[in-house]
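Please look over the sequence and the model shown here before reading the report that follows.

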Amino acid sequence: MPGYVPDEYLPTLYSGAIALVYVSLYEGFGLPPLEAMACGTPVLTSNVTSLPEVVGDAALTVDPYDVDAIAEGIKRLIGDDNLRKELSQKGLVRAKLFSWDRTAEVTWSVLKEAANL
């Protein structure tokens, strides 16, 4: 296990991985799956919290409490080249929907609207 990895090394790690398995039980947003998708890495993640909304149909989602479902998802990703390619392509497209500029614009819009109340 590598332990802490500085941000500048993450794209290399994501890009070199067969997949990212990220079955979090609690997530504020879900940056690691989004970062992996932006690198073209297929993702297996939890079907709870914010993660399904972040990944859309560009990742496999599983119940994070179901060890068999997690194992099956990993097996599918390892064994199915076409699935990995499909998720890689969808992930690249999905990741483009998110940016810090867009986040700032939406946040500013919400704050302006709240101020007019």
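Thr 49 counts as partly exposed, at 40% relative accessibility, where buried means under 20% relative accessible area, exposed over 50%, and partly exposed in between (1.4 Å probe, protein chains only). This residue is found in the loop between S2 and helix H3 (51–55), and the phi of Thr 49 is near 55 degrees, a positive value in a residue other than glycine. Most residues other than glycine have a negative phi.

## Basis of the model

This is a predicted model, in which local features need pLDDT of at least 70 and side-chain atom pairs count only at pLDDT 80 or more, while totals for chains, interfaces and linings use all residues. Residues are numbered from 1 along each chain as its sequence is written, and side-chain values use heavy atoms, with hydrogens and water left out.

## The sheet and its helix

Three strands form an open sheet in the order S1-S2-S3, with parallel pairing; strands (E, at least two residues) and helices (H or I, at least four) are DSSP runs numbered from the N terminus, and two strands pair if DSSP finds at least two bridges between them. Strand S1 (20–22) and strand S3 (60–62) stand at the edges, each with a single partner strand, so one side of each is left without a neighbour in the sheet.

Three bridges join strand S2 (residues 43–46) to S3, and Thr 45 stands opposite Thr 61 in S3. Helix H2 (residues 31–38) packs on the sheet, touching S1 and S2, where contact means heavy atoms within 4.5 Å.

Key:
Axes are lines fitted to C-alpha atoms, for helices over the stretch in contact, and angles run from 0 to 180 degrees between N-to-C directions.
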